Amino acid sequence: MNLAAAPVALSPLHSHWLRLGAEMTTRDGWQVPAHFGSVEAEIRAARGGVAFGERGGGQILEAVGEGVPEMATHLDVSGIAPGAAGPVPRERARWCRLARDQARLLHDRGSDPARIGSLVPDTDCLHVTDLSAGLTTFAILGPRSPDLLARLIRLDLDPARFADRRLAQTGAAGVPVFLLRWDRGGILAYELAAGRDVAVYLWERLLHAGETLDVAPMGLDAMHQMENENRPGAESE
Amino acid sequence: MSFLLTCPHCGERPVAEFRFGGELRARPAEDAPEPEWAAYLYERRNVDAPQEEWWFHRLGCRRWFLARRDTRSNQVLATWLPEGPAP
Amino acid sequence: MSSRAAQGARIGRREARARFSFTFDGRRVEAEEADSIAAALFASGVRIFTRSFKYHRPRGLLCCAGRCPNCLVNVDGAPNVRACVTPARPGMQVRHQNAWPSLERDALSAAGAFDRLLPVGFYYKTFIHPPGAWRLAASAIRRVAGLGCIQRGGTPEGYHHEYRSTDVAVVGGGPAGMAAALAAARAGRRVMLVDEQEAPGGMLRGDDRTRVRVGPHAGQTSAEVAERLAADLEAAGVEVRTGAVAFGLYEGRLLGIEQGPAAIELRYDGLILATGAFERPPVFAGNDLPGVMLGTGAQRLLRLYGVRPGRRAVVVTAHDGGLELAAELAEAGIEVAAVADGRAAADHGLAASGLADLGTRVLGGQTICRAVGGRCLEAVELAPGGGRFECDLLCLSTGWEPADALLAQEAGGVAGVGTLVWDPAAGVFRAGGTDGRVMAVGALTGAATLEECLALGEAAGLAAAGAPGPSAPAPPGAFPRTPLICPGSAAGRRFVCLCEDVTTKDIAHAVEEGFDQIELLKRYSTASMGPCQGKMCRAAVAESLAGCTGAPVEAAVPSRARPPGRPVTLGALGAEHAAPVRRTPMHDRHVELGARMTDLGEWKRPEVYSSVEEECRAVREWVGLIDVSTLGKLEVVGRDAGGLLERVYTNRCMDLGPGRLRYAVACDDAGIVVDDGTITRLEEERWFVTTTTGGVEGVEQSLRWAAVPGPGGTGACAHVTNRTAVLAAMNLAGPRAREVLGSLTDADLSPTALPYLGARQATVAGVPALLLRVGFVGELGYEVHVPAGFGAFVWDALLEAGRAFEIRPFGVEAQRVLRLEKGHLIVGHDTDSLSNPLDAGMAWVVKFEKADFSGRAALLRASERGGPQRLAGFTVADRAVIPEGSHVVAAGRPAGRVTSYRRSPTLGCGIGLAWVPEADAREGATVLVAGASGLLSARVTLRPFYDPAGARARS
């Protein structure tokens, strides 16, 4: 082994991707599946039914404490109520307000850890922790995604009730998850984040739940392509 | 068990997301007489009526909160944060 | 004559129906599109569908609506499928149940001849002598008892759970249910309609005889109304779930539904039950013969599948519906030999005159007294008068019973909800009230006409939607009532409960033996405890009990109904898979290295890679590497974080400087050890806590509990974040550990820069890492924590760097041996729910001098009193076998127990930890241990077995 080699981070599903015949690529220091054969087929599956895959890279910061409202003001996102999410103006980041005193900041592409300092105001009782390495986020896209999620999650996911940019902390197949709805290119899209230690388990449960729904695994290329087809004027990423 | 609890942070959720934390009771002072400590540690009122009790939102916000639950019907009549006044 | 009716409007679609085939006991059966399995089998000439539970009597179609036990079959390996409501599919393999070798000739039907040997409650009073007889009998009985066989091996695919929510749930797709769903949906509510048939419509389906007289549907036939309403439901956006059985009402506004392979948990705001009514079969001699059918059962065969239920029929009734049925049968080309109407001739309505025009005799004041036949019905005898009629079909239309399986669950007697009350006018029990979220409408409440059902349904739908509408629903109508136990003493068994083969004679015997209360009778005779759960027999059991005791029928209050109200497939119920499996970031590496994996709680961990002895030796002599990512890892941050930790843990931590760590024990308020681990002060207000593998959830909850503000308070500024999954952790341990780690980092690892119980941040193999110097296995050791994504990378780097030092990965078994050599206990293994740290030999972790902490008061008292046992080490001769849990024996009695025992490869003898009597807990004492091959003498020690001074870990 060449110890001078740059460290490579591996997804908990790394060996699964290889078994599924994924074409792997390195993004932001992570080995991630680019596609599973055909980007077009993956996008078709997402448009027609439901497709899901792992969202690699990115950074997830959790902020807790009495200082969270002040941080929201600092980032110009105080209009986002608990239970909702939205883009952070002037940043490639999204703000997820979990509670009055708890929020998550999602940087969707590799971000500079040094920037974190400028995002956190100097205020009493505000604690920011980097959870990136501990969470695995699945993207679930397509008109039938609520049907897939309804087999794992005991929440009312009717698209009219759990609207775009709503979020919830809940359980899926017995493990704690963070669920965010963030539609892409006009189609239903969800992000489901769970502990890295249960990522393989949750992936298997998703596959099982999708047995009769014609689910397809999806790589990062298709995901990004669909995200770039986002409605004009969307601010994020 | 399938009743619903309204987490003060996350809203109404099935009980499977929570952990029961026992009856709401005052912890004795550390130098309280032994019988008082014994009662606190080993005795429960176990009423068949509305009861104030602790719950922890295990699969959610991971906070402790209080609930008033009718132990006969498992109907949850109110929930509130420990710092807030009991409704 | 073919069973398929050739004419009639309802059968007009027949020509268009596609045909296919399936097999029944290997025989090819032709079926038509939309056939149920039972309809296709009946059309092909099958009359015996199953054999009864106890006497193996032939049984045929009775209800044709999924309620009775008479048509349970095995379909493609799935047992107890109700053939009458399960659609036939091409190529399906249907097999009979409960008969050997065949349905026609069942060897076990001989049981019927020995019924004297199988009296009611026989299993309570036979095979008691001689001793052991029951054991023999039980195995024989088990072979023949039960219904159906479970398919072993292989999990059928597709079973799953579904979690849904709706504003208004409607159960029952008959006229009342459809009207209710439509009204609620049009009022703007989200509505789900659940119906067990393949299409909504209920009793209206296929009925082109009844015409609506008034209201918006006036002039339409029932079938037309059903089709119109179904279209309206779709247009109104109602989610219609067909082929779906609602089986249970659960707390929290939850309705349990089975639909195909799915078990659906439906949460509702309002629930409308429109489950209808079903006919109650009277009890008479020979009432279980194939050919005896409920009137509605015959109607369903005819209307829905175009299958004639017989050739020559007798109809027994007590209301006009039976007379209309007779006319319908006659029109379909079935000869109606006689109609027995329990009412006097003068009470007969218009329908009777219509029948007279068809040339069918209506016998007033007559009822059934006996059905005659060998395997199937051949004739019936009426009473009074004893008229005898040859026939192959007997239709029973003598009265209705509300289909209240769900309603009775709601009426279970919890606060705010009523109970079942007797309705003397209708002669049935009804739900006395509901909590307002649940409403009952339609035939379930006694509504008799289509107009009533539609109007009541609409009112309920509007009420559930909170929309204005007609307020007080019309009072329910009365169910026609006739005695269920028919008169006469004709020879032949009279079955009260078909599921369990309980006869009127059995009931009488049970009552004679003193089981004269309904609850006792039910348990003793097992009447109403079979697959139908009393749906067919509840009223008959009550009436025959009343007949025996002379008490009024209403004294037999039905038992509390509990879910499931209908049989549910275990595959669907069990499909909710909530058994998480947790894997460390190095999981794939362990598998590649050939480790034997083991389950520790939810975690997968390597038990051993090569051999435990070799792995132990590597750690003691060179260096070893173990994955300890499963350790709980918590970050506690904030001004008050240190104080919080001191409240939960028994020792101090505020006196630690940044970059120092300490072993710590957490107790509950009873002073019982609940967890242990290390507390590291990373910065002034930032702490890093490790817990046991299974203990992190409990510790995090305790910390959060301790941080809860009091009423009106603002709470401590201390926050807990679980970083267990964020960090991969590995322990590099052994005399050469410093050299291995040093080759991957520029950080100063010298004992002065990073001493024992020191901590520092460093870059290891290019990855940011937290290094903790700990010594669980008693050697120079570093716990290396890195971001989880780099876990495998750093693991590889350490193994590569250690190659020159004979490094070996070691598993949890080697770790157990190594820590035991050091005398380190494992919480929950060497301690239990009575162990406090004082008795466990860790008095040094309890700091009474600090302010209040969890367990302080209890531990203070324990320290004054002392405990009866102490946890101590012991040694025995090499190769002794002592299972963990073995007794420590004193004066011939158990006086303690062994919690850990291993052979120590380092010391060459057996070592262990045991709870020993307080008096024996001293260096050099001798205790007796009950090993696998007898009592062994063990030598007690209170010091670590290996390196008692701890010099190696500090080196």
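In which sense do strand S33 (residues 660-667) of chain C and strand S34 (residues 673-683) of chain C pair, and over how many bridges?

Guide: Please bear in mind that this is a predicted model. Strand S33 of chain C, residues 660-667, and strand S34 of chain C, residues 673-683, pair in the antiparallel sense, and eight bridges are found between them. One position along the pairing can be picked out by name: Tyr663(C) stands opposite Thr678(C), a residue of S34(C). The two strands form a hairpin with five residues between them. In this hairpin, Gly671(C) takes a positive phi near 80°.

Ser900(C) belongs to strand S44, which runs over residues 893-904 of chain C. With a relative accessible area of 0%, Ser900(C) is buried. The side chain of Ser900(C) takes part in a polar contact of 2.9 Å with the side chain of Arg819(C), and in another, of 2.5 Å, with the side chain of Asp830(C). Apart from neighbours within four places in sequence, the residues in contact with Ser900(C) include Leu820(C), His829(C), Phe874(C) and Glu884(C). Ile911(C), Gly912(C) and Leu913(C) are also among them.

Over all chains, the count comes to 82 salt bridges. One of these lies in chain C, where Arg241(C) and Glu162(C) form a salt bridge whose closest N and O atoms are 3.1 Å apart. This pair links distant parts of the chain, for Arg241(C) is in strand S10 (residues 239-241) and Glu162(C) in strand S8 (residues 160-171), with 79 residues separating the two. Arg241(C) is buried, at 9% relative accessible area, and Glu162(C) is likewise buried, at 6%. Both residues belong to a network of salt bridges that also takes in Arg164(C) and Glu239(C), together with Arg144(A) and Asp147(A) from chain A. Within chain A itself, Glu191(A) and Arg184(A) form a salt bridge, with their closest N and O atoms 3.0 Å apart. Both of these residues are buried.

The contact of chain A and chain C may be considered next. Chain A brings 43 residues to this contact and chain C brings 48 residues. About 3700 Å² is buried between the two chains, and carbon and sulfur atoms give 55% of that area. Seven salt bridges are counted between chain A and chain C. Arg190(C) forms one with Asp158(A), at 2.9 Å from N to O. Arg190(C) also forms a salt bridge with Asp156(A), the closest N and O atoms being 2.6 Å apart. Arg190(C) lies in the loop between helix H4 (175-186) and strand S9 (191-194) of chain C, while Asp156(A) lies in the loop between helix H5 (145-149) and strand S11 (167-172) of chain A, so this pair joins two chains.

On the side of chain A that touches chain C, strand S1 (9-10), strand S9 (127-130) and helix H6 (199-209) of chain A each supply at least two residues. H6(A) gives the most to this side, with five residues. By class, this side of chain A has 21 nonpolar, nine polar and 13 charged residues.

Chain C also meets chain B, and 29 residues from chain C and 29 residues from chain B take part in that contact. The area buried between them is about 2400 Å², with 48% of it given by carbon and sulfur atoms. Of the area that chain C buries against chain B, Glu251(C), Gln701(C) and Trp705(C) supply 25%, more than any other three residues. Eight salt bridges are found across this interface, and one that can be named joins the side chains of Glu34(B) and Arg861(C) at 3.4 Å, N to O. There are also 16 residue pairs in polar contact between chain C and chain B, both residues being at pLDDT 80 or more. Helix H18 (696-706) and helix H22 (856-865) of chain C each supply at least two residues of the side that touches chain B. The largest share, five residues, comes from H18(C). By class, this side of chain C has 11 nonpolar, seven polar and 11 charged residues.

Conventions: Residues are numbered from 1 along each chain as its sequence is written. Chains are lettered from A and ligands numbered from 1 in the order in which they are written. This is a predicted model: local features need pLDDT of at least 70, side-chain atom pairs count only at pLDDT 80 or more; totals for chains, interfaces and linings use all residues. Side-chain values use heavy atoms; hydrogens and water are left out. Contact means heavy atoms within 4.5 Å. Buried area is the accessible area (1.4 Å probe) that two parts lose on being put together, summed over both. A salt bridge is a side-chain nitrogen of Lys or Arg within 4 Å of a carboxyl oxygen of Asp or Glu. Helices (H or I, at least four residues) and strands (E, at least two) are DSSP runs, numbered from the N terminus. Ala, Val, Leu, Ile, Met, Phe, Trp, Tyr, Cys and Pro count as nonpolar, Asp, Glu, Lys and Arg as charged, and the others, Gly among them, as polar. Two strands pair if DSSP finds at least two bridges between them. Buried means under 20% relative accessible area, exposed over 50%, partly exposed in between (1.4 Å probe, protein chains only). A polar contact is a pair of N or O atoms within 3.5 Å; within protein, one must be able to donate a hydrogen and the other to accept it, and residues adjacent in sequence count only if both atoms are side-chain atoms.
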